[in-house]
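Here is a report on a predicted model. Please look over the sequence and the structure before reading on.

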Protein chains: 2
Amino acid sequence: MAYAGIMQRVKLADVARAAGVHPGTASRALNPLTRDQVSRETTRRVARAADRLGYVPNATARGLRTARTYIAAMIVPDITNPLFPPMVRAAEQVLSRAGYTLVLTDTDNDAATERRQVEQLRARGADGFIIATARWEDPLLAELAVPAVLINRNTASADLPYVGADERAGITLAVDHLVALGHRRIAYLAGPPDTSTGRERAAAFRQAMRGHGLPIARGQVRPCTAYTEAAGVTAARALLAADRAYSAVLAGNDLIAFGVLSELARAGIDCPADVSVIGFNDLPMVDKLTPPLTTVRLPLADMGRRAAQILLAEIEGTEPDGPVGRSLLGVELAVRGSTGRAA
Amino acid sequence: MAYAGIMQRVKLADVARAAGVHPGTASRALNPLTRDQVSRETTRRVARAADRLGYVPNATARGLRTARTYIAAMIVPDITNPLFPPMVRAAEQVLSRAGYTLVLTDTDNDAATERRQVEQLRARGADGFIIATARWEDPLLAELAVPAVLINRNTASADLPYVGADERAGITLAVDHLVALGHRRIAYLAGPPDTSTGRERAAAFRQAMRGHGLPIARGQVRPCTAYTEAAGVTAARALLAADRAYSAVLAGNDLIAFGVLSELARAGIDCPADVSVIGFNDLPMVDKLTPPLTTVRLPLADMGRRAAQILLAEIEGTEPDGPVGRSLLGVELAVRGSTGRAA
DNA sequence: GTGAAAGCGCTAACAC
DNA sequence: GTGTTAGCGCTTTCAC
């Protein structure tokens, strides 16, 4: 096989020869940061030659020389989870515009796989990481010695920049909405406590209830073992089996809410007539369900963009505009048919 | 910021010194393909030294020397389309196990963006491409001079290996199902004709109808301008405005089917009592709709795996097991509530 | 403002 | 079987 296009590529030396200058000069002329060391006229000649010959710099050679790869890696637990694609997409846009290439790696929700991936990518020389897999206790993050930004999930194990949604605000909106509809007995099915989202949202729920002067009974806040429909079913079943009756259920995320909805249906309890349900994340299609799910919408693309910007700033050692340590982006409540006035 | 871990990495020369051999020898000892040129004893010493020092080869330097990057790129039109994540995930697994790193790039459905991305990735030295964005007439594919595999969509512009689902079989299953339920007036809303899937599925529909001895009237097969719900709405409206009444609608994909369902609802036509609807792709959640959508399920992960295997074989110049030119993977019909007996 | 020369870390062609 | 040497394409001192 002859892949001519890739093999006989035009290199800097060719451009320099065509422009009648030394390769070093051509390099300076082409690099925006060193362009001012070169005369206007030379710059023009080099640029024209490069353009005419279709010169594309060899990233590998540059990387070897500069010890920079212009590769950024993004680590997600499972790209088939619709939460992540919008983040990935937005991050890639920012990164690629800045000359970086995004490497995506899917850990399949497995810590060992994740560690392998990270090591492979470090060997590759990835300039930085955007990490969407953080656990609350996460030894890997503590060891990490490269620029990195956490997205969606935060950690207690390291002091890394974090970009997330304003989860407290989201939960507050949801509780406020239910209270405004007359609900007072509101159960919360939390996400797993080894994630920051599981912890943060649960804490926010307690605080919001307290803000409305509503007491929280035992069993009213239940942790789910995972952010899955199955875990939601289990938790909902436990809720239904308990003494206390709730007029509304706030779920740690949409998948848990699905579990609640299906368990309510199984038990012959109507939503929203008998019980209102609210989810979190606003996954695609949840507005097409019957009833359509009221849920908290996260600015996923904004999060991806922001994380990429912060990472770029970290890598290049510049200041990003805006705060770095902890960026909380605004959320909104998508009010739909799964919530109604308290029975 | 001191990122010690990455900066002062141990290099081949260090290993060679520690093992008391020349770097060239160390290189040979470490490379499986050249290991047999080195004595057992030396190999052992080098391996031990490398292990002890935690040597990780510098992929950039190797790439510069060997003109190989061990980077494979995957190009998708829109990663937020749930069709693609399973493919990406499966491809990444195969690739990463083979020592390759997957670069994902999202073209935002834009040919110009796509061209830019491909050029950037060529400059990066990507060893090969998995392309999910092929159009039926696609000049970019004709120019491509690197190993590449098409996935999901085929093209007329180049003779590249193609991995897809058996679309004809899928359409046939759908038509057979409807005919078995007593339907004879079945409309087809095709995808755009600049995609192989748009063309292939439409051709398959005509053939399947012919196989049942069912005539196809003018306006019974309508192309949509895009694979979107909006395009589905438009096409469905045109269908309803026509003289002929249909008892079933087969949609070019699930999004088009959504458009049909919403337009039927708007017109007060019940699905499935009055009209049956079938989609294509089996997107997540379509089983949770009311009514749940009958649709053709594609083996997305298998497609991703297969495409990656073929690409690896292309890159390494070896034979993959199985055919290369055109792999059609089996589909199945997920029968759900949106189809019923003809009225 | 430009040229010369060295070198990033690795591998492959050539000696011995 | 191992050492030597050269060089992948680029950037970046150092001269002038």
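## A helix pair in chain B

Helices H2(B) and H3(B) lie roughly perpendicular to each other, because angles of 65 to 115 degrees count as such. The angle at which H2(B) and H3(B) pack is about 100°. Their axes are 8 Å apart.

H2(B) brings Leu12(B), Ala13(B), Val15(B), Ala16(B) and Ala19(B) to the contact. H3(B) answers with Pro23(B), Thr25(B), Ala26(B) and Ser27(B). By class, the contact of H2(B) with H3(B) has seven nonpolar residues and two polar ones. None is charged.

## The surface near DNA strand C

Both helices of this pair also belong to the surroundings of the DNA. H2 (12–19) and H3 (23–30) of chain B each supply at least two residues of the surface near DNA strand C. So do H5 (59–66) of chain B and, from chain A, H3 (23–30) and H5 (59–66). H5(B) makes the largest contribution, five residues.

In total, 24 residues surround DNA strand C. The closest are His22(A) and Gly24(A) from chain A, with Lys11(B), Leu12(B) and Gly24(B) from chain B. Leu12(B) is also one of the residues of H2(B) that touch H3(B). The surface near DNA strand C has nine nonpolar, 11 polar and four charged residues.

## The surface near DNA strand D

DNA strand D is surrounded by 25 residues. Here the closest are Lys11(A), Leu12(A) and Gly24(A), together with His22(B) and Gly24(B). The elements giving two or more residues are H2 (12–19), H3 and H5 of chain A, and H3 and H5 of chain B. H5(A) gives the most, with five residues.

By class, the surface near DNA strand D divides into nine nonpolar, 11 polar and five charged residues.

How do H5(A) and H5(B) cross, and at what angle? Their axes come within 9 Å and cross at roughly 135°. The two helices are therefore oblique to each other. The crossing is left-handed.

H5(A) makes the contact with Thr60(A), Ala61(A), Gly63(A) and Leu64(A). H5(B) makes it with Thr60(B), Ala61(B), Gly63(B) and Leu64(B). Four of the contact residues are nonpolar and four are polar. No charged residue takes part.

## The contact between the chains

The contact between chains A and B takes 38 residues from chain A and 37 residues from chain B. On the chain B side, H1 (4–7), H5, H6 (84–97), strand E2 (101–106) and H7 (111–124) each supply at least two residues. The largest share, six residues, comes from E2(B).

The side of chain B that touches chain A has 20 nonpolar, 10 polar and seven charged residues.

## The six-stranded sheet of chain B

Chain B also holds an open sheet of six strands. The order is E7-E6-E8-E9-E10-E12, with mixed pairing. Strands E7 (221–223) and E12 (332–334) of chain B stand at the edges. Each has a single partner strand, so one side of each is left without a neighbour in the sheet. From one strand to the next, the twist averages 20°.

Arg297(B) has Glu332(B), in E12(B), as its bridge partner. Helix H9 (residues 167–180) of chain B packs on the sheet. H9(B) touches strands E6 (186–190), E8 (248–251), E9 (276–281), E10 and E12 of chain B. The direction of H9(B) makes about 165° with that of E9(B).

## Backbone details in chain A

Two cis peptide bonds can be pointed out in chain A. One runs from Cys271(A) to Pro272(A), with omega near 10°. Pro272(A) lies in the loop between helix H12 (254–266) and strand E9 (276–281) of chain A. Another joins Thr290(A) and Pro291(A), where omega is about -5°. Pro291(A) sits in the loop between E9 and strand E10 (294–297) of chain A.

Met285(A) also lies in the loop between E9 and E10 of chain A. Met285(A) has a positive phi of about 85°, although it is not a glycine.

Key
Residues are numbered from 1 along each chain as its sequence is written. Chains are lettered from A and ligands numbered from 1 in the order in which they are written. This is a predicted model: local features need pLDDT of at least 70, side-chain atom pairs count only at pLDDT 80 or more; totals for chains, interfaces and linings use all residues. Two strands pair if DSSP finds at least two bridges between them. Helices (H or I, at least four residues) and strands (E, at least two) are DSSP runs, numbered from the N terminus. Axes are lines fitted to C-alpha atoms, for helices over the stretch in contact, and angles run from 0 to 180 degrees between N-to-C directions. Two residues are in contact if their C-beta atoms, placed from the backbone, lie within 7 Å. A residue is near a molecule or strand if its C-beta atom, placed from the backbone, lies within 6 Å of it. Ala, Val, Leu, Ile, Met, Phe, Trp, Tyr, Cys and Pro count as nonpolar, Asp, Glu, Lys and Arg as charged, and the others, Gly among them, as polar. Angles under 35 degrees count as roughly parallel, over 145 as roughly antiparallel, 65 to 115 as roughly perpendicular and the rest as oblique. A crossing is left-handed if the near helix is turned anticlockwise from the far one by less than a right angle, and right-handed if clockwise.
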